[in-house]
Amino acid sequence: MSAPAKEVPTVDINYWNKKWVDEQIAFHRSDIHELLKSNMDIVCSKENKMKFLFPLCGKTLDMKHMLDKGHEVFGIEGSKVGIEAFLSEHNLTYSITDDGNYKVYRANELPITFYHGDFFLFDRLLPEIDVIWDRGGLVAVNIADREKYRDVLIRLMTPTTKLFVVAMFYDDEEIVGPPMCLTDEQVQQLFAPKCTIKLITALDCTEDFSTRHKKPVKRMEERLHLIQLK
Ligand SMILES: C[S@@+](CC[C@H](N)C(=O)[O-])C[C@H]1O[C@@H](n2cnc3c(N)ncnc32)[C@H](O)[C@@H]1O
């Protein structure tokens, strides 16, 4: 008799909030993402200062990396625990204001702004965004919500915005998402009607994932896609 199929949990903002409150944040990396570092030449153009958006940003150090390089950063995050952890871990003081349904955290010492609230409802205006770095975003939402998620991203893009999606790919019934597996075909289906899509590279992250999540996985890949409006 085969083991019953594992049930994939429904992930919403409350699910993730609980993860932050319970300090179950194995998704958080204590280093800068390898794919961001190794693709810096295509991520950044020659411009001095660019505007980066990190959807579902958590407290990723990738944001600090781009700040340190002189860029401006916007993050959208549903858990204030994550936002406040980033600010405090980098010794940043900040103000909080209201913008529609969002609380906006603005750091005083560095050009970083966080919108605290539900990404799916994000209806605020942002300045023109040059780069969207989506690591742990699209793969962190329910498969049924992917189109809604894509539509929010597309609204925030201009013809020159570069959207980078780090897709997680695995073929292992032992893994219960999130992260949800995101195949190249699914990336195509989601974005091809309005966007061009280029697979930049793939990284074997089996060891890194197994270590962070404290359980061995057979094979896991991170596949970096560059997506731009047609
Ligand atoms: C897998 S983590 C990735 C965080 C970050 N991008 C990183 O690389 O470390 C997903 C993040 O998305 C946030 N999140 C999930 N659903 C959300 C939603 N609907 N609106 C806003 N934030 C959400 C969670 O709180 C969590 O911090």
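The model is a predicted one, in which local features need pLDDT of at least 70 and side-chain atom pairs count only at pLDDT 80 or more, while totals for chains, interfaces and linings use all residues. Residues are numbered from 1 along each chain as its sequence is written. Helices (H or I, at least four residues) and strands (E, at least two) are DSSP runs, numbered from the N terminus. Two strands are said to pair if DSSP finds at least two bridges between them.

Strands β4 and β5 are joined by four bridges and run antiparallel; they form a hairpin with four residues between them. On β5 there is also a pairing with β2, here in the parallel sense and over five bridges, in which Val-73 stands opposite Ile-112. Four of the five residues of β5 are buried, so the strand is largely enclosed by the rest of the structure. A residue counts as buried if 20 or more other C-beta atoms lie within 10 Å of its own, as exposed if 12 or fewer do, and as partly exposed in between, with C-beta atoms placed from the backbone.

Strand β4 (residues 102-107) is also joined to β3 by six bridges, and these two strands run antiparallel. Within this pairing, Thr-97 has Val-104 of β4 as its bridge partner. The hairpin of β3 and β4 has two residues between the strands, and Gly-100 takes a positive phi near 60° there. Strand β3 (residues 94-99) is hardly covered, for the count of buried residues among its six residues is zero.

Helix α5 (residues 80-89) contains Lys-80. With 16 C-beta neighbours inside 10 Å, Lys-80 counts as partly exposed. The C-alpha atoms of Lys-80 and His-116 are 6.4 Å apart in space, although the two residues are 36 residues apart in sequence. Gly-82, Ile-83, Phe-86 and Leu-87 are the buried residues of α5. Seen down the axis of the helix, they fall within an arc of 130°, so they line one face of α5; the arc is that of the directions from the helix axis to the C-beta atoms. On the other side of α5, Ser-88 and Glu-89 are exposed. The cover over the buried residues of α5 includes α1, β2, β3, β4 and β5, where two residues are in contact if their C-beta atoms, placed from the backbone, lie within 7 Å. After α5 comes Asn-91, whose phi is positive, near 55°.

Helix α4 (residues 61-68) has Asp-62, Met-63 and Met-66 buried. Viewed along the axis of α4, these buried residues fall within an arc of 105°, so they line one face of the helix. Their cover includes α2 (34-38), β1 (51-55), β2, β5 (112-116) and β6 (131-135). Gly-70 follows α4 and has a positive phi, near 95°.

Val-131 has its place in strand β6. With 21 C-beta neighbours inside 10 Å, Val-131 counts as buried. Leaving aside residues up to four places away in sequence, Val-131 touches Val-43, Met-50, Phe-52, Lys-162 and Phe-164. Val-131 and Met-157 are 26 residues apart in sequence, and 8.8 Å apart in space from C-alpha to C-alpha.

The ligand is surrounded by 21 residues, of which the closest are Trp-16, Leu-56, Gly-58, Gly-78 and Gly-136; a residue is near a molecule if its C-beta atom, placed from the backbone, lies within 6 Å of it. The elements that give two or more residues to this shell are α1 (13-21) and β2 (72-77). Helix α1 gives the most, with three residues. By kind, the shell divides into 10 nonpolar, eight polar and three charged residues, where Ala, Val, Leu, Ile, Met, Phe, Trp, Tyr, Cys and Pro count as nonpolar, Asp, Glu, Lys and Arg as charged, and the others, Gly among them, as polar.

The protein chain may finally be considered as a whole. Its secondary structure comes to eight helices and nine strands. Buried residues make up 32% of the 230 residues. Of the contacts in the protein chain with a separation of 6 or more, 63% are accounted for by residues 24 or more positions apart.
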